[in-house]
Structures are given as C-alpha cells and as structure tokens.
Amino acid sequence: MNIKTTSKMVSLSLIASAFLVGCGGSASVEAEVTPLNGSIIKGPIDNATITLKDATGRIIATTTSSKGKFQLPEMDVNSEYYTLESTNGNYEDEATKLPVTMSETQGLKTLLSKSEVEAMMNSKKTLAMTPETTIYTALVQEALLNGKDLNTAMTESKNVITTALIDGTSPLSAMPGDTFLNEGDFTSAFPEDQSESFARNRAISMSYMVRDLGLSPDKVFDVISKISEDLKDGTLDGVDLDGDGNDDNVTEEFGLARANLFQDTTTKLRNGELSEGQIAELQLMGFDTDRFNNGLVDSQKELDEEVQKYLASTTLPTLNVLPTMVDEDGNETDAQATYTLSANTDVNVTIETPDGSWVTPMWRYNNNPLPLVIRTQRGNAMTLNLDNKLASDSTIHWHGFKIPADMDGGPDIPVAPNETKAYTFTMDQPAAPLWFHPHPDMETGKQVYMGLAGVYLLEDNITKTLEADNQLPSGDKDTVLLVQDRRFDGAVGDAVRNLTYMDTDMDANGMLGDTILVNGSVVPKQEVSTTLHRFRLYNVSNARNYKFALSDGSKFTVIGTDGGLLDKPVEVESITLGAAERVEIVIDFSKYSTGDKVMLVSQPFNGDMMAMMGSMGGDANSRMNGDSGMGGDPEMNGESGSGMNGTGMDSMGSMEGMSGNGAGLSIMRFDITTDESESVTLYTELPAGAEIKTRHTADDTTNNGVERQFLMTMGNMEEGGMAQGGGMQQMSFVINGKTFDPNRVDEFIEAGATEIWSIRNMSPMAHPFHAHAIQYQILSRNGVPATGTDLGWKDTFLVQPGETVKVIGKFEAINTGDYMYHCHILEHEDAGMMGYFRVGDTGQLGVQ
Ligand code: C2O
Ligand code: CU
Ligand code: CU
C-alpha cells in the first residue's frame, strides 16, 4: 500500500491530473498507479473531506471533493475491501434549491471490495457515494460484524436495498435498469447509461422525500441513518422518518418522492427547461420525450384542423335530448317517486355522425336507444326498480348518493338474471348532477361500456329558487351532455357496427375508444341563443379523461361539481374531468352573433405516462434487460429512441395517435342561431345557510385529524414479468397493496365520523378515486390548499402520478354498512383496484 499520501500530495495529484488532461490526452499512466475517480452527490458536494480506509479501519488517504468530484491517490489495491466516508462540505439541495452546509457528523459513505476497486480502475469508471451507497455501507458493515463473509454481506445488502428502495418505487414501473449502483459520475451532464440515470434519479429523490416529509434539507442525513437502522435486520419495519411519532413506510414515501421528481421533470420538459443531458437521461429511463413534447404540438395541430372542418360542416347531427323518465306514481309533485329500469341487451341504436350513421346493438335501460334521465327533488322517497334482463348479474349503483349500504347497488348485492330488486331510499343531500350505473363484480366495465348508465338530476330548494330568481339558467337552457368514448368494429359506411370491448392488450390499462359519443351521437350540434346556457357535463367514459375547452379559447364558468353547486362560480379556460367526474358549467353566448359557431373540444394533454414509456414492448424489453449494467453500451443508447417507436410500441403508438388518453378531440358544436336578450344574472354566491356552502376543516374531524391512508400503485402481474419480455405486460392495479376481496373489509369507520382521507398515487398514470355514499371536499393537493373548482363537493377526483390528494368528508350515521372505494377507471376497478369500507357503530366495527 502506498502511504505516501497527505492532503497536500492529493491536491498535487489533482492538479497534476487536471494538467495532464488539459494538455491533451498524453495522460495515460501505468495501470498499477491509476488513480481512482469518485463522485459524491446529494447534490454534488463541494469541499467534503473524504477518508479512505482499508478493511482493518486504517486510514489510507484523505482527500477533498470539488463540486461533487474527487480523486483518490495512486494506490496498491491489496485490502479485502475499502470504505470511504465523508464529513463536512456543502451542496445545493435538489428538491428545495436551498444551500446545505454539512457538519462533521453529516456525510455519505460507500464500501467497495478489492475486485470492485480493481474493475473500476481498469475500466476507468468512477466510484459513487450516494445516499444509497451510504445505507448499503451500513448494512454491509453490520453483516460483517455479525460474522458474514464479505461476498454474502455485499450480495445480501444489495438485495435488501433493491427490495426496500428500488422495487416498487420506480416512477416508470419496474424497469430493468433500476438497480443498485455504486459507480458512475453523477455530476456529469450526460448519464452513462440507464442504470446511472436511475441511480441519479434515486439519489435526487432522497431530497424530494425529505422535502415531502416536511423536513429541512440537511435532515437527509438523519433520514439516511434511520433507514439504515431500520434495514439492518433485512426488512423495512417502518420507521418514524419525520419525527411525528408515527412510523412511515419508507418504500411508499420514497416511491412517491420518485414519482414526484418524475412529474417535476416532465413538467420542465414541457416548459423547455431541461438540458440536453437531462433529456437524454429521461430517454435512458425509457421515457419517450419526443412523443411527450411533439405529440402535444401535433395533436393540437390536428385538433385545430379538425375543428375548422367541423365548424364548416353542414352534416353534423343534432344533439339528442336525453329522455327524462316519468314518475310511475303519476304524481310528479308528491314527495315520492317510482321508476323502473329494465336492463336489456340487443337494443339497436342508430349512431349519427357527421359522416353518416350506422346501427349498433347496445345494452340499454327500458329498450330506450338513449341513456335515461331521472329528475327528482331532495327529500323524495325513491323507489327504483331494477329488472335485470341481462344474461349475467347486474346491480344499479347510485353514484354520488348518500344512501344506506343495502340500497347502494354495490357488487356485494347482485341481482341475478331475470331477477328484480327495488332500491328504496330517501334522498337527503344537496342538488347535484348524480348518475347511476351497473356495478356487478368484475363486469362493471363491460356493462357500462355496452351502454348501461343514466343521469340522475337532483334538485332542491336552493336550485329551484336560483332558477326562479333568474340566477341560474334552466328549462331549455339546461342541457345534459353525457360524454363517452367507444370503439366500433368495421368502418364508417357499414350498416351495422358492433361495440368492441377489451380487444387489445392495452385495454386492461383502461378501455379507450376512438369515437366520442355525446348523448349518443358523434360531434353533434346544438342551437343556442345569445344568452347564458347551463350544461351538466358528465364524463361517463370507462377510462378517458377530458380537458374540456371552447375552440376559440373563450372562458366559461364552472358552477358546480359532482356533489352540487359551487358557493362561488369559477371562471376557467378549461376543465379536466376524469372518468365519472361531472361539472355544471355556464357558457355565455352573448359575445357571439347569430350565425357564429364554436366547438366544445377536449384539448390535448400529456395523459398516461404509461404511454410515454419506451420499454413496454417485448422487443425493447429484451434489449434493456440484457446488458443494462453495461456502461455506455452504444447499442442500447442508440436504440432506446428507436425502441420507443419500434415494434414494441406499435399498438400503443397508433392507439395514442388516434385516441389515447390526452389526444385532442372534437366533442360537439354550438350554433348561435337566435338573438335573445339576457334574463339571467348568474349568482355570485350561494344564499346563506345552504348546506352545499359548508366547508369542513381539519378541526371537524372526529378522530383528531388522523389521516386514513390510501396508496394507489401499479405493478407487474408476475414477478419480473416485464423483464421476461414478450408482448405487453399484464399490470396489476392495487390500493394499499391489496386486490379487491369480496370477503375482506379493508377500512372500519365509525358512523357519523368526519375523516380526512389521504390518497396518494405512486403509479405512472392518473386514477380517479371514488368512494360510495359520501361527498368529499378536497383539502389539498401535494400540500397546496384547494382553490377554484376543487372547492366543490366531490365523489370522484383525479389523483395524478406522484400526487397526494387530501379530502375530508362526513360518513353519515344513517349510512351504515359496507361500501366500496375504488378507482373509477372501470377496468382497474374490475381488476381489483377497489376495497370495502364499513361504516358502523363502534361495537360493530371490530367484527368482520
Ligand atoms: Cu360509479 Cu363504485 O362507482
Ligand atoms: Cu359510486
Ligand atoms: Cu386506476
């Protein structure tokens, strides 16, 4: 061992090597005296003192880092392993951009075996000190203390890290290159390879986690040692990272941090704020940056052209008015109402489009070719009969209703073929655009898709009064718009086209159709006058999100959400609705002249991150899988781009272009045909005392503000399913790690409780979260207090990747029993992204 090193000599050596590099390549030196380069990042750390020790703990050398880089002196490699430890130094925290000055007790570590050091020297690789290698070092040292041999200690520790901090935390779901790494120059602008990109992502994510936990940036070193402590027995047992007295799940917190970092990065990509190296890094991680950016531009261009075409078209069908059912008790004004819905198959529906029509056999209620509307009053005693004429079990779930569990129409109380059920309940909640749909176990998606769903407009004294006082458009200026995407077989021109359901592998991720139906027609038109018109805009799609906007960029006003009117109307340029979400909007057509036309569109947006992932296909898998550990493999670097457009992506690529989530879409057209002076002046604030005005705060909770946690994740069906390649992977969709079990109650809630639910999305796609029998209020998204339309009552709300949405709601004492919470992408729900919550009195709650 060369012990000639002092810090003076190290700096000489640094200067010498810088000089040699500077004078152009004659720097090659004899193999046995190759200095070893290192990078130290938690943010590139400047001025850290780095100590190199051999296996006996003897100090071999010390050196100092400069902007995250350091160089170890020339040395003979003859110790079984080496450890590197740092103290002091400073860096900029990646998550907060705050400067951090480290103390003598704050630092990073790594541990390298003799052969690792030799291999790095020979290949001129850079060794890396990161939060992850720090935890790793602690684990290896512990294992050595416990008498394990070095190889076992190292292998086991890598496995522990992989299980706890890598598997299940990857923002792009399990990617083969997302593996433990203790080498790489993490300070360089350009990553060497996929593994390095992921390792850097993980190192930066540590800062995000600390920020998300509400800790100051320098607490990252505490967090690192807490994780190390927790992992020393080989598993994560839960550890109180933020010091709030409750244990945190490190894998979850870290996974969310990684998803958050990924979201941040893609936002920067969209805004053109990423460097070339950062873009290269995203691409290496399997993200299709080209499609992400250009896809949006292209899609907007296509939409603009389509809008021009439809604005000029003379062949748009007329918007269907959805038929309102008649109260069977013959008295529309008594406090009770009866309706019967018979679910039928084989109802021939004519689909009108700008390019002609066709017939599609659908499943409908009461053989009506259109979805039905029930319009009723708050306080009415309802009798709603389901007559199931389908060949399979069905139910009717009353979506958004606060009603008893046995009347809720969940999958737990199926109605068999040719059976009937009377749903009886009294509506006691504010006026709202509610709806109903079948909810049988594992077949909800199909039955809704085939055409079974209806609208339930609940009115109350508040809405009646506002309408009578001309503060809310009503009558023929109050229109339901039911938006659904569907896929048909055959082609335009065929007389009959059947609905196709779940016919590609991708459909399991959420059934998307390329044809958008509005009240059953494609791009219909509606004649309007130069006044305020109110629309109840329903997203009754299985999986599609829309970003509704007017084609000329005009603003419109959102006056209500799922659960009723907004206290104060909110003017917007667009409104995004996930599956099952609704809004009431008011469009002011007074700025137009008769003869003008304007379209309702869905603007393109970057939808599923899933669709932006390059390595979903079989071909890309095998390539990524094979040699991901090989640094700078030119083939992999070169082809990761083509892989994204290559064979593996074809089905998704073409789907995406045509109709993927986020594609720009023409929805319908408004034809301004009549001059009419305005009689309505829209309310600016709801009358005092209106129930819908109430807003819960954390102080209202009945459980001291304890937040009930829900974590939405996606994973591969089989272990390593993706890495095994070959075709599309089957994804699993879970909440709190669990797939729906009809015999398991997941959450127990005291009747009458007011609770905060925290819903976190660690998966690469947005999920609309829904729970039965409750209307929530959104408190915050990623810690930012709710504003605007988020102030409305909600039974369904979108949770974006990496997002944590906190909601508060009251579980009414009358609503006891078992209810569902689930993702309202119906294919996710059918696949088990659902759970039960039981509302009961305390005595009941323990009983399962
Ligand atoms: Cu519309 Cu269980 O939901
Ligand atoms: Cu529901
Ligand atoms: Cu989902």
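## A buried alanine

A580 counts as buried at 0% relative accessibility, where buried means under 20% relative accessible area, exposed over 50%, and partly exposed in between (1.4 Å probe, protein chains only). A580 lies in the loop between β26 (574–577) and β27 (582–588). Helices (H or I, at least four residues) and strands (E, at least two) are DSSP runs, numbered from the N terminus. The phi of A580 is near 85 degrees, which is positive in a residue other than glycine.

## About the model

This is a predicted model, in which local features need pLDDT of at least 70 and side-chain atom pairs count only at pLDDT 80 or more, while totals for chains, interfaces and linings use all residues. Residues are numbered from 1 along each chain as its sequence is written, and side-chain values use heavy atoms, with hydrogens and water left out.

N47 is not a glycine, yet its phi is positive, at about 65 degrees. N47 sits in the loop between β1 (36–40) and β2 (49–54). With a relative accessible area of 45%, N47 is partly exposed.

## Salt bridges

Side chains of opposite charge can pair when their charged atoms come close. A salt bridge is a side-chain nitrogen of Lys or Arg within 4 Å of a carboxyl oxygen of Asp or Glu. The whole structure holds 49 salt bridges.

One of them joins K464 to E459, with the closest N and O atoms 3.6 Å apart. K464 is partly exposed at 37%, whereas E459 is buried at 7%. Both belong to a network of salt bridges that also links R375, E467, D478, R534, R536 and E584.

Methods
Chains lettered and ligands numbered in written order.
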